[in-house]
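Q: I have a model open and would like to learn how to read its main features. Could you walk me through it, from the overall shape down to single residues?

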Amino acid sequence: MDYRKLQNGSDIRGIAIEGIEGEHVNLTNEAVYDLARAFLTFIREKHSKKDCRISIGHDSRLSADSLCHSIMDGLIFDGAQVLDCSLASTPSMFMSCIFEEYDCDGAIMVTASHLPFNRNGMKFFDKDGGLNKEDIARIIEIANTQSFIHENNGSCTKANLMDTYSRHLQEIIKEGVNAPDHEHPLKGLHIVVDAGNGAGGFYVEKVLKPLGANVEGSQFLEPDGHFPNHIPNPEDKKAMDSICQAVVKHKADLGIIFDTDVDRSSAVDSHGKPISRNAIIALAAMLVKKDHAGTTIVTDSVTSDELHDFLNTHGLKHHRFKRGYKNVINEAIRLNEAGIDCQLAIETSGHAALKENYFLDDGAYLATKIVIEAAKTPVDELIKDLKYPLEEKELRFKINAEDFQDYGDQVLDSLKEFVAKQPNMEPAKDNYEGYRVCFDHGWFLLRKSLHDPILPCNIESTKEGGCKEIANTMYPFMVQFDKLDLASLRQFIE
């Protein structure tokens with residue numbers, strides 16, 4: 001097959017097992033075998049070295065073992081020293097390139113984040129961080145043309161990466177809390193963790209408990225690729241409701257929730273109130289501000305006006321950018337290279353990358369920063385003046401056109417002309433993605449999905465019924481485009 005069909009921005013994503021009607025396997029054992037060999041060739045080319053050490057890890061997905069075996073077979077066949085890290089988090093795989101005892105030249109994480117159980121994918125790292133979409137395109141080109149660099153005498157050994165990574169987080173907490181009981185700095189702190197049956201259960205057993213925290217009420221720590229309790233996703237309402245209820249039930253001081261592969265996290269305060277989306281950005285920004293007053297915070301494009309005002313009020317600069325965790329991370333790196341101090345790149349989804357941590361989007365690292373603060377003071381105190389829109393809504397319009405990218409561009413170009421003629425609409429000063437339109441009581445942002453034939457539309461309002469009012473204002477414009485499925489819009493305004 002043409003492996004270009006498996007590229008999803010800076011990741012590989014596909015259907016790994018049957019189980020959902022109409023979705024057939026395309027992320028095969030043969031595909032990951034070839035892509036792993038191509039990655040090894042890419043690393044050899046980039047770093048001009050023959051002997052390479054590559055680490056492999058996976059989350060709790062049902063297809064993980066089979067795919068990992070094929071990946072390791074391909075790497076060993078071409079002469080790599082393979083470290084089998086088994087169940088791991090995505091950020092820990094990058095750290096295998098940083099930790100001196102592992103010193104890997106590259107790492108592969110087998111995961112599809114929060115996608116359904118039948119999906120899986122591959123994320124790639126080297127010592128410079130996560131690969132970009134151009135790098136993935138090069139890997140796919142090597143795989144498609146079978147242009148592998150072959151060497152003999154590969155090997156495979158087991159590695160206890162998660163133990164090393166957990167000790168790393170422990171030391172950060174010990175230093176950050178600086179408690180009289182250095183070995184148990186979290187004694188007296190009650191933290192509930194929800195791992196969603198993904199790979200995040202280690203944070204309870206290997207980080208919090210050894211440091212003395214009370215973790216009673218933590219839930220869904222056992223890896224289970226069926227995800228029987230809720231989607232492991234901090235943006236999912238059912239998931240957030242579940243961890244909020246657990247915090248209240250067990251009278252905890254703090255709740256932490258991870259996604260499947262632990263590159264995202266959000267929190268819950270002691271009152272059971274979620275700290276997610278705009279609030280998790282606000283909290284992360286306030287933690288960064290402690291050492292970097294006035295720094296720039298890069299976020300995705302759908303953040304609220306209330307968050308923007310909050311950051312400005314606290315002397316921080318807010319820089320909205322395109323959605324996609326690699327987009328916000330790369331923009332933060334670009335700003336630093338241009339001489340603009342930027343310590344945090346973060347999406348409303350919970351992807352948070354700090355400059356002090358290699359600009360690695362690491363949910364456990366963000367959780368660790370939050371835990372350190374919680375050991376000193378209730379975390380909600382830091383964001384008590386953050387305001388929220390009264391209403392928010394996301395609608396998604398499928399594009400039923402073969403060339404959906406061009407059709408999406410046509411809609412957005414026409415929207416600009418439409419808005420210019422409306423007395424009650426004003427384009428946002430900065431439009432980094434799609435088109436953001438302001439009203440006296442809110443805004444909407446219409447944009448193209450990063451990869452899918454969809455136009456997502458985010459709406460926020462400060463008054464009751466405001467989102468529906470904005471949606472009604474949009475409707476006469478949207479119905480002009482017969483290739484758009486507007487069922488969600490019609491349902492909402494009716």
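A: Let us begin with overall size. This is a predicted model, and for its 494 residues a compact globule would have a radius of gyration near 23 Å; the protein chain has 23 Å, so the two agree. Along the principal axes, the C-alpha atoms fill a box of roughly 70 × 60 × 50 Å.

Q: How many helices and strands does the protein chain have?

A: The secondary structure comes to 14 helices and 23 strands. As for how the chain folds back on itself, take the contacts between residues at least 6 apart in sequence: 69% of them join residues at least 24 apart.

Q: What share of the residues counts as buried?

A: Of the 494 residues, 58% count as buried. The accessible surface of the protein chain comes to about 20500 Å², and 47% of that belongs to carbon and sulfur atoms.

Q: How should I read the nonpolar cores?

A: The general idea is that in soluble globular proteins, nonpolar side chains tend to be buried together. Here the largest nonpolar core has 73 residues, and Y203, I370 and I383 are those with the most contacts inside it. Helix α8 (residues 278-289) supplies the largest share of this core, ten residues. Apart from it lies another core, of 35 residues, including I43, L75, V110 and M122.

Q: Which residues does I370 touch, beyond its neighbours within four places in sequence?

A: I370 is in contact with L254, I256, A267, I280, L283, L287 and V379.

Q: Which residues of helix α9 are buried, and where do they sit around its axis?

A: An α-helix has 3.6 residues a turn, so residues three or four places apart point the same way. In α9 (residues 305-313), the buried residues are E306, L307, F310 and L311. Looking down the axis of α9, you find them within an arc of 135°, so they line one face of the helix. Their cover includes α8, β13 (296-299), β14 (317-320) and β22 (454-461). After α9 comes G315, with a positive phi, near 75°.

Q: Let us finish with a single residue. Is C104 buried or exposed?

A: C104 is buried, because its relative accessible area is 0%, and under 20% counts as buried. C104 lies in the loop between α3 (90-95) and β5 (106-110). Leaving out residues up to four places away in sequence, C104 touches R53, S55, L83, S96, C97 and K127.

Key
Residues numbered from 1 in each chain as written. Predicted model: local features only at pLDDT ≥ 70, side-chain atom pairs only at ≥ 80, totals over all residues. Heavy atoms only, no water. Helix = DSSP H or I, 4+ residues; strand = E, 2+ residues; numbered from the N terminus. Buried < 20%, exposed > 50% of the residue type's maximum accessible area, 1.4 Å probe, protein only. Contact = heavy atoms within 4.5 Å. Core = buried A, V, L, I, M, F, W, Y, C linked by side-chain atoms within 4.5 Å. Arc of directions from axis to C-beta. Rg over C-alpha atoms; globule rule 2.2 N^0.38 Å. Areas by Shrake-Rupley, 256 points an atom, 1.4 Å probe, with all protein chains shown as cover.
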